[in-house]
Amino acid sequence: MVMQQQKIDIIQDGEEIPQNLVTKYGLSGRDFTYFYSDKKEKNVYYSNFVGLIRSGQDDSILFSMPKHYMNKDKFLNLDLTHQYQIIKSITKSINKAIDISQFTRYKHNTDVVGTFSFESYHQICNYYQTYGLYRNLGNYYKKGSGRHISWKKTISLSNEYFIDGKLMIIPFVTKKKLKLTNIITDCMIFVLNYTQAMYGNFIEVYPAPELIEYGINPKILENVDGIIEQLFQIKTRIFKDKEKQLIDNLIIFLKRVNSKSKKVSQAIKDYNYEHVWEKAVEEYLNIHFDDVKDEQLIFSKKVLNKYHFKKISSNYDKNNEKRRLEPDHYYFNKKSKSLYIFDSKYYIKIDDLNHKQLVYHFLFGNKEQAKKIYDALIVPYEGPTMTEVHVNILSEFLKDNQKVKIYLCKLNSNSVIKEFIK
């Protein structure tokens, strides 16, 4: 079970996809947005996802990078080991955002689709790490001495003797436990070995070298529907919650497995990487943000943990509780009366005034009675982190000595994602 090196085709979320790659990887539906061009006399396709697709035809890989993560030519000039590391970083960021979302109202996993289930795979790995392979414990009986004598079996199966006037029943029958493998065990081995072989280059996998000798059972691939039906039946006879959950995750994983045709592509696609970016930025701010100085958002390479930014939701209309203000990254220092209102924007370009940010400025500023308000939009950037003034409101639109500036912080994507997946 050796992982092979694969050819990698590279595209980027929000950028044009060559027509031949649309065809080669069977892109459709939510995979892209497209426009018809009269001049080019063809449809122009733009990627609408972050993730990877593995072609069933020649085993090559299509990797769609996040916006402003890295220049495509730079990626192609890296050696294969570094390319794999980058792909692992991105898939790991998707996986972490899913884990975080399980405890929030945001159902991010509805936007992560494909033939691989992060959630079920990790739950199966957690079971294996904790309990090992599933074993069905059965009893068997053996004649002879031992620690656990079954008196009922001894009386019914052994002979009675009178020795020196005493009744003796010999030989004793002892009860022993036998660990029996079954379809659940086989499926666990399949999941761990299949994932290692198919995705080991591209996602963080749980190493299980002790299972390599079992290989990938072809009978499971050939009869996935039948195996799933057996698992459903077994689940009705199991009472422990941890084992029921194991079976549920095996079923979810197997439902995603392509058992019909090797020509069909396999994929991990996130149609809303904006959510990953938001969560990653929040973590980066809380760890590395220092302050705003000389119209620059300052970040330290060291761990600071000075702030506790969080997404908040606040009603502002007494007549309608559903009308709410929801800045992505909000922090108010009660001691200095300094208010920080930052919003993550997973955009390629930001040209227009962000009116929502102005609303945040005035309404939250009044609510908190803030003495100083810092507003910023934070966007991904492949270069060194930098800040520029995005909006500077003319004084005639303000009262007293007010000053309102909205900064645009171009935050290095690589640094943010690296911190997020640690």
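## Chat about helices, a sheet and a leucine

Author: Let's start with helix 12 (residues 413–420): helix 12 lies across strand 19 and strand 21, and runs at about 70° to strand 21. Bear in mind that this is a predicted model.

Reader: OK, and which strands does helix 11 lie across?

Author: Helix 11 (residues 355–368) lies across strand 17, strand 18, strand 19 and strand 21 (405–412). Its angle to strand 18 is about 155°.

Reader: What's the strand order in that open sheet?

Author: The order is 17-18-19-21-20, five strands with mixed pairing. Strand 17 (329–333) and strand 20 (386–392) are the edge strands, each pairing on one side only. On average, neighbouring strands are turned by 20° against each other, ignoring direction.

Reader: How many bridges join strand 18 to strand 19?

Author: Seven, and those two strands, residues 338–344 and residues 372–381, run parallel. To find a spot there, look at serine 338, which stands opposite lysine 372 in strand 19.

Reader: Switching topic: how do helix 4 and helix 6 cross?

Author: Two packed helices are described by the angle between their axes and the distance between the axes. Here the axes of helix 4 (residues 118–131) and helix 6 (residues 183–199) come within 11 Å and cross at roughly 120°. The crossing is left-handed.

Reader: And which residues meet there?

Author: From helix 4 you have Tyr121, Ile124, Cys125, Tyr127 and Tyr128, and they meet Met188, Val191, Leu192 and Thr195 of helix 6. Eight of the residues in this contact are nonpolar, one is polar and none is charged.

Reader: What does leucine 250 touch?

Author: Leaving aside residues up to four places away in sequence, leucine 250 touches Ile124, Ile184, Cys187, Met188, Val191 and Leu231. Leucine 250 itself lies in helix 9 (residues 241–256).

Reader: Is leucine 250 buried or exposed?

Author: Buried, because its relative accessibility is 0%, and the cut-off for buried is under 20%.

Reader: How far is leucine 250 from serine 120?

Author: In sequence they are 130 residues apart, but in space they are 6.9 Å apart, C-alpha to C-alpha.

Reader: Last one, helix 10: how many of its residues are buried?

Author: 14 of its 16 residues, so helix 10 is mostly covered.

Reader: And what span should helix 10 have?

Author: At 1.5 Å a residue, helix 10 (residues 273–288) should span 22 Å. Its end C-alpha atoms are 22 Å apart, so the two agree.

Definitions and conventions. Residues are numbered from 1 along each chain as its sequence is written. This is a predicted model: local features need pLDDT of at least 70, side-chain atom pairs count only at pLDDT 80 or more; totals for chains, interfaces and linings use all residues. Side-chain values use heavy atoms; hydrogens and water are left out. Axes are lines fitted to C-alpha atoms, for helices over the stretch in contact, and angles run from 0 to 180 degrees between N-to-C directions. Helices (H or I, at least four residues) and strands (E, at least two) are DSSP runs, numbered from the N terminus. A crossing is left-handed if the near helix is turned anticlockwise from the far one by less than a right angle, and right-handed if clockwise. Contact means heavy atoms within 4.5 Å. Ala, Val, Leu, Ile, Met, Phe, Trp, Tyr, Cys and Pro count as nonpolar, Asp, Glu, Lys and Arg as charged, and the others, Gly among them, as polar. The expected span of a helix is 1.5 Å times one less than its number of residues. Buried means under 20% relative accessible area, exposed over 50%, partly exposed in between (1.4 Å probe, protein chains only). Two strands pair if DSSP finds at least two bridges between them.
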